[in-house]
Amino acid sequence: MSTDTPHSSRWQAYLRDCSALLSISEPLLVSGRITRVTGLVMEAIGLRLPIGAACTVPMPNGTRIEAEVVGFQDDRLFLMPQSDVEGVVPGTRVLPLELAHSLPRPGAVSHPRRRPSDRGRHLPVGSELLGRVLDAAGRPLDNLGPLNASHVAPLNARAANPLSRAPIQEILDVGVRAVNSLLTVGRGQRMGLFAGSGVGKSVLLGMMARYTSADVIVVGLIGERGREVKEFIEQILGPEGLARSVVVAAPADTSPLMRLQGTAYATAIAEHFRDEGKNVLLIMDSLTRYAMAQREIALAIGEPPATKGYPPSVFAKLPALVERAGNGKEGGGSITAFYTVLTEGDDQQDPIADAARAILDGHIVLNRSLAEAGHYPAIDIEQSISRAMHSITSHDHQNLARRVKKLTSSFQRSRDLISVGAYSAGSDRVLDEAIAKHDRIETFLQQDISECASLAESLGQLSALFQ
């Protein structure tokens with residue numbers, strides 16, 4: 001027997017009508033509007049969003065400008081766009097990014113879903129990215145199709161608890177003789193590569209990417225010339241290196257926000273692989289461009305300059321970025337990181353170089369005079385140091401490394417006397433040995449880009465110098 005009554009039938013019909021109306025209605029979108037565009041910054045009112053929240057600005061032609069909240073004053077938000085702001089007019093609407101996902105976007109790249117309560121930007125990570133070249137927004141640059149990544153990660157994660165990290169106990173073989181023997185790097189160490197322009201830092205990074213014994217390589221090319229991106233991938237990294245690598249490129253012509261985001265994205269990818277238990281080599285070229293991008297943003301929103309034009313926020317962000325690399329928990333994965341630092345005019349007292357030297361676990365200095373003399377890699381052994389070497393190498397290894405440094409330093413101090421014939425043999429026993437072994441040490445420190453020197457080979461050749 002049917003239990004339907006005329007009254008219940010009317011309610012069912014009413015509910016069906018309401019459901020049909022809801023299916024064709026548009027959701028209520030909370031939005032703000034642009035009130036001012038000055039230089040690199042857009043100002044918006046009508047939204048209450050936290051620092052770091054992602055926004056989008058729909059344009060009349062159907063495209064969008066994505067932006068990030070980088071500051072606020074009273075009820076105004078300061079937005080830094082990812083691209084140029086051509087076409088923005090007063091009153092243009094601004095939407096929080098999670099609400100904007102409900103709007104159609106021509107040619108949009110679909111990423112895996114994330115928690116709608118988290119307003120920070122999330123980008124794809126995972127094994128699907130291996131062998132791919134991406135921009136700072138997670139979009140492929142290599143024309144190899146969509147990523148189809150199954151995971152996303154936040155860009156700005158916090159560094160791990162320092163007491164929960166595994167100590168640096170294992171040697172990492174980087175395939176470069178001078179580094180393996182004299183500046184030994186530990187798995188999970190953060191090293192700086194200090195060099196001026198045109199001294200060979202990209203070639204040295206490429207050698208490490210090719211020959212380092214790591215499961216995954218993540219390369220961040222930040223603020224470099226666009227031409228160098230393709231050259232690094234095809235000529236220096238090579239097909240073999242690219243196969244186990246993820247390359248994130250944010251060239252110099254991108255906005256400062258994209259350069260910051262590219263650095264954070266490369267670090268987030270490395271963190272994901274580390275959390276899976278893999279040993280990751282993170283190469284960031286360069287840390288100086290990252291600092292310059294933060295300086296542009298900070299000055300644009302009114303932060304006062306401090307040290308040589310760099311606002312205080314720059315020196316706060318550097319350690320926050322670097323501390324995300326390193327070892328994970330005991331028995332887990334690791335991130336061994338190499339950050340290049342540009343020393344303008346070969347000035348080692350540059351504020352960024354000085355700050356980086358203080359927060360990194362060692363530094364490799366490239367010398368322009370060595371490069372001009374055809375000495376590659378142009379590593380200045382006297383000025384370089386690995387702070388973890390004493391805890392991961394044997395006593396005999398450390399003695400041999402110190403002996404090479406001592407002889408090199410002695411020869412360099414007396415080079416002028418030797419070259420003019422003013423030094424008489426027998427006056428200084430250490431200098432006599434330095435002169436006798438100079439050519440052998442020079443040959444030992446030089447290495448062709450196509451040559452791989454394993455850790456065992458490097459130590460064997462180091463011992464052979466004094467036999």
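## Basis and overall fold

A contact means heavy atoms within 4.5 Å. On that basis, residues 24 or more positions apart account for 71% of the contacts in the chain with a separation of 6 or more. The model is a predicted one, in which local features need pLDDT of at least 70 and side-chain atom pairs count only at pLDDT 80 or more, while totals for chains, interfaces and linings use all residues. Residues are numbered from 1 along each chain as its sequence is written, and side-chain values use heavy atoms, with hydrogens and water left out.

The chain holds 15 helices and 19 strands, where helices (H or I, at least four residues) and strands (E, at least two) are DSSP runs numbered from the N terminus. Taken along the principal axes, the C-alpha atoms fill a box of roughly 115 × 55 × 40 Å. Of the 467 residues, 51% count as buried; buried means under 20% relative accessible area, exposed over 50%, and partly exposed in between, with a 1.4 Å probe and protein chains only.

Strand E17 (residues 334-342) is largely enclosed by the rest of the structure, because nine of its nine residues are buried. In a regular strand the side chains alternate between the two faces of the sheet. Both faces of E17 are covered, with Ser334, Thr336, Phe338, Thr340 and Leu342 buried on one side and Ile335, Ala337, Tyr339 and Val341 buried on the other.

Two strands are taken to pair if DSSP finds at least two bridges between them. Strand E12 (residues 190-195) pairs with E17 in the parallel sense over six bridges, and in this pairing leucine 193 has threonine 340 of E17 as its bridge partner. E15 also pairs with E17 in the parallel sense over six bridges, with alanine 337 of E17 as the bridge partner of leucine 282. Strand E16 (residues 326-327), by contrast, pairs with E17 in the antiparallel sense over two bridges, and glycine 326 has isoleucine 335 as its bridge partner there. E16 and E17 form a hairpin with six residues between them, and glycine 331 in the turn has a positive phi of about 80 degrees.

Helix H6 (residues 256-275) has 20 residues and should span 28 Å at 1.5 Å a residue, which agrees with the 29 Å between its end C-alpha atoms; the expected span is 1.5 Å times one less than the number of residues. H6 is mostly covered, as 19 of its 20 residues are buried, and just after the helix glycine 277 takes a positive phi of about 95 degrees.

Isoleucine 297 has its place in helix H7 and counts as buried because its relative accessibility is 3%. Leaving aside neighbours within four places in sequence, isoleucine 297 is in contact with Val70, Met80, Pro256, Leu257 and Leu260. The C-alpha atoms of isoleucine 297 and glycine 71 are separated by 9.8 Å, although these residues are 226 residues apart along the chain.

## The cavity

Rolling a probe the size of a water molecule over the atoms shows where empty space is left. Here a cavity is a set of points, on a 1 Å grid over the protein atoms alone, where a 1.4 Å probe fits but cannot get out, and its lining residues have an atom within 4 Å of a point. Grid points are joined across faces, edges and corners, and a volume is the space filled by probe spheres set on the points. The count comes to one cavity of 30 Å³ or more, and about 50 Å³ of space lies in the largest cavity.

The lining of the largest cavity consists of Leu407, Thr408, Phe411, Gln412, Ala434, His438, Ile441 and Glu442, and helix H12 (395-413) and helix H14 (429-445) each supply at least two residues of it. By class the lining has four nonpolar, three polar and one charged residues, where Ala, Val, Leu, Ile, Met, Phe, Trp, Tyr, Cys and Pro count as nonpolar, Asp, Glu, Lys and Arg as charged, and the others, Gly among them, as polar.

## Backbone details

Most residues other than glycine have a negative phi, and most peptide bonds are trans. The peptide bond from aspartate 285 to serine 286 is cis, with omega near 10 degrees, and serine 286 is found in the loop between strand E15 (279-285) and helix H7 (287-300). The bond from tyrosine 376 to proline 377 is also cis, with omega near -10 degrees.

Aspartate 74 has a positive phi near 55 degrees and is exposed at 73% relative accessibility. Asparagine 143 likewise has a positive phi near 55 degrees, and is exposed with a relative accessible area of 76%.

Conventions: 1 Å grid on protein atoms, 1.4 Å probe; cavity = no way out; pocket = protein on both sides within 12 Å on 5 of 7 lines; lining within 4 Å.
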